[in-house]
Amino acid sequence: MKILLLGADGQLGSHLRHTLLHLGDLLVSTRTGSSGALPCDLLDTDALSAMLRRERPDLVVNASAYTAVDQAETDISTAMAINAEVPRAIGHAVTAWNGAVVHYSTDYVFDGMQTRPYTEEDATAPLGIYGQSKLRGELALSASGADHLILRTAWVYSLRGRNFLTTMLRLATERPQVRIVADQRGTPTSAGFLADATVRIASSWMGDPIRRTLRGGVYHLTANGETTWYDFAEALFSDAHETDRIANVPTILPIATSDYPTPARRPAYSVLAIDRIVKTFAVAAPHWRDDLRHVLGSAASR
C-alpha cells in the first residue's frame, strides 16, 4: 500500500512519520520539502492536486492544519484555505483511482453547551473561525465521494512544537506562579497515542475493501476521561518534576475563562464520546492521566 502523509513536520505529523512506516510504502510532504519530503504549498490546491495525481497514493493521511485558533479570527482566508479547501482537493483527487483519506478534525466544531460527552450524531455549532473552517473541511471531504475517515480529536499535546504541555514546561522555568483556566473541560490527548491509533485503525479499514465505504465517516478519537486545563497543568507539573524535566513546580492559580479574554471563544465543555471508534476498530484508548505519564516518562528514550 502506498501512503502519502501531508503535514509531516507538524506536531502530529512528526509522530505519524514514524508509525505509518509499519503500514506500507510511505511518502511524506511538507511545505518546504526539507529532509527528503515532497515539497507542496498547501495554499496552492492546484499544485496539491497535481502531486496527488502524480503519486496516486492508496491512502492519504492529512495531518496538515491551520491551528492558530485566535489568529484565525482575522486570518480567515488562510484558515479556510488549509482547513477547508485542502480536504476538498484531496477528496476530489483520490476518487480518480479509488484512493482513501484519513483526515483529522476537532472538538471545536461544537459550541460546548452540553454537559455530557459529544457523540458523532450531535449537532455542530462552532464558536469561531477555526471551528468553522474545520467543519467546512469535514463537509467538503464527505461530499467529495472519496472513502474517508474523519477523526475528531481534542487538546492535542506532545513534547514537540507549540502546545499546552510545552508552554507549561517553559513557564515552569520562567515563573514562580501561573494562572490557568479552570472552567473549560476536555480530554488531553497525546499526538503519540493518536499516531499509534491511526495506524491500527487504518490497517483494519484499508484491509477490508468491501466494508471500507460502510465503515467510513466521522469518528471521535481521544484518550479516556475528562479534566480542566487547571487540573491538566497540575498533573503535568507533578509528573514533569518527578521525571526531572523541571526543577521547581510553580504555584497554579485557577481563573475563569472571563478572566483571560481571547479573540476566539472556546467551548466550555468539549469532551468527545469515543464509544463508536472503540466498538468499530477495537481502539484501546488510555486514560488521559496514563497517556500523560507515558509521554513525560518515556519520551526521552523514544
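**Helix packing, sheet order and selected residues**

The axes of helices α3 and α4 (residues 129-143) come within 8 Å of each other and cross at roughly 15 degrees. The model described here is predicted. Two packed helices are described by the angle between their axes and the distance between the axes. Angles under 35 degrees count as roughly parallel. Helices α3 and α4 are therefore roughly parallel to each other. Their crossing is right-handed.

Residues from both helices build this contact. From α3 come Ile76, Ala79, Met80, Asn83, Ala84, Pro87, Arg88 and Gly91. They meet Ile129, Tyr130, Gln132, Ser133, Lys134, Arg136, Gly137, Ala140 and Leu141 in α4. By class, the contact residues divide into 9 nonpolar, 5 polar and 3 charged.

Strand β4 (residues 59-62) and strand β5 (residues 100-106) run parallel and are joined by 4 bridges. Within this pair, Val61 has Val102 of β5 as its bridge partner.

Two loop residues have a positive phi. Most residues other than glycine have a negative phi. Arg56 has a phi near 50 degrees, a positive value in a residue other than glycine. This arginine sits in the loop between α2 (45-55) and β4. Its relative accessible area is 46%, so Arg56 is partly exposed. For Asp244, phi is near 65 degrees, again a positive value in a residue other than glycine. Asp244 belongs to the loop between α8 (229-242) and β13 (251-255). Its relative accessible area is 69%, so Asp244 is exposed.

Ser14 is found in helix α1 (residues 11-19). Its relative accessibility is 14%, and Ser14 therefore counts as buried. Not counting residues up to four places away in sequence, Ser14 touches Ala8 and Arg160. Arg289 lies in helix α10 (residues 288-298). With a relative accessible area of 18%, Arg289 is buried, since the cut-off is under 20%. Its contacts, leaving out residues up to four places away in sequence, are Ala235 and Asp239.

Glu226 occupies the loop between β11 and β12 (227-228). Its relative accessibility is 32%, so Glu226 counts as partly exposed. Not counting residues up to four places away in sequence, Glu226 touches Arg185, Gly186, Thr187, Tyr269, Val271 and Trp288. Trp288 is 62 residues from Glu226 along the chain, yet the C-alpha atoms of the two are separated by 7.5 Å.

Note on methods: Residues numbered from 1 in each chain as written. Predicted model: local features only at pLDDT ≥ 70, side-chain atom pairs only at ≥ 80, totals over all residues. Heavy atoms only, no water. Pairing = 2+ DSSP bridges. Axes fitted to C-alpha atoms, helices over the stretch in contact; angles between N-to-C directions. Parallel < 35°, antiparallel > 145°, perpendicular 65-115°, else oblique. Left-handed = near helix turned anticlockwise from the far one by under 90°. Contact = heavy atoms within 4.5 Å. Nonpolar A, V, L, I, M, F, W, Y, C, P; charged D, E, K, R; others polar. Buried < 20%, exposed > 50% of the residue type's maximum accessible area, 1.4 Å probe, protein only.
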